[in-house]
Amino acid sequence: MVSVDIAMVNNDKNDNTVITCIRALPSGDYYDRQVPYIEAFKGDNTTTQAIRIKEIFSDFDADVIVLDTQNAGLSIADELGKITYSDERDEEY
């Protein structure tokens, strides 16, 4: 699972966008929870954030994304539904 808490303002006085990768591995009748990766960065425009979310989702080979859609998060959800291109990776998502 990839979980995303959205921030849109890029300055030192506001919080960061935080992307967390979480694993749930079967262990008997329960699941062992692991958090192998967390990334935080200053809020940026919706396209840039959507591309980074897609990169991490793809890298982690995730099955589910949990997205904070309050306020600006709704714009990120819209961007995630579009075809986007990562110049850095030369890859289309």
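Strand E1 (residues 2-5) of the predicted model has a covered face, formed by Val2 and Val4, and an uncovered one, formed by Ser3 and Asp5; strands are DSSP runs of at least two residues, numbered from the N terminus. In a regular strand the side chains alternate between the two faces of the sheet. Local features rest on pLDDT of at least 70 and side-chain atom pairs on pLDDT 80 or more, while totals for chains, interfaces and linings use all residues. Residues are numbered from 1 along each chain as its sequence is written, and side-chain values use heavy atoms, without hydrogens and water.

E1 runs antiparallel to E2, joined by four bridges, with Asp5 opposite Val18 in E2. Pairing requires at least two DSSP bridges between two strands. With strand E4 (residues 65-67), E1 pairs in the parallel sense over three bridges, and Ser3 stands opposite Val66 in E4.

Strand E2 (residues 16-27) also pairs with strand E3 (residues 30-42), in the antiparallel sense over eleven bridges. Pro26 has Tyr31 in E3 as its bridge partner. Two residues separate E2 and E3 in a hairpin, and Gly28 in the turn has a positive phi of about 70 degrees.

Asp87 lies in the loop between strand E5 (85-86) and strand E6 (91-92). Asp87 is exposed, at a relative accessible area of 67% (exposed is over 50%, buried under 20%, partly exposed in between; 1.4 Å probe, protein chains only).
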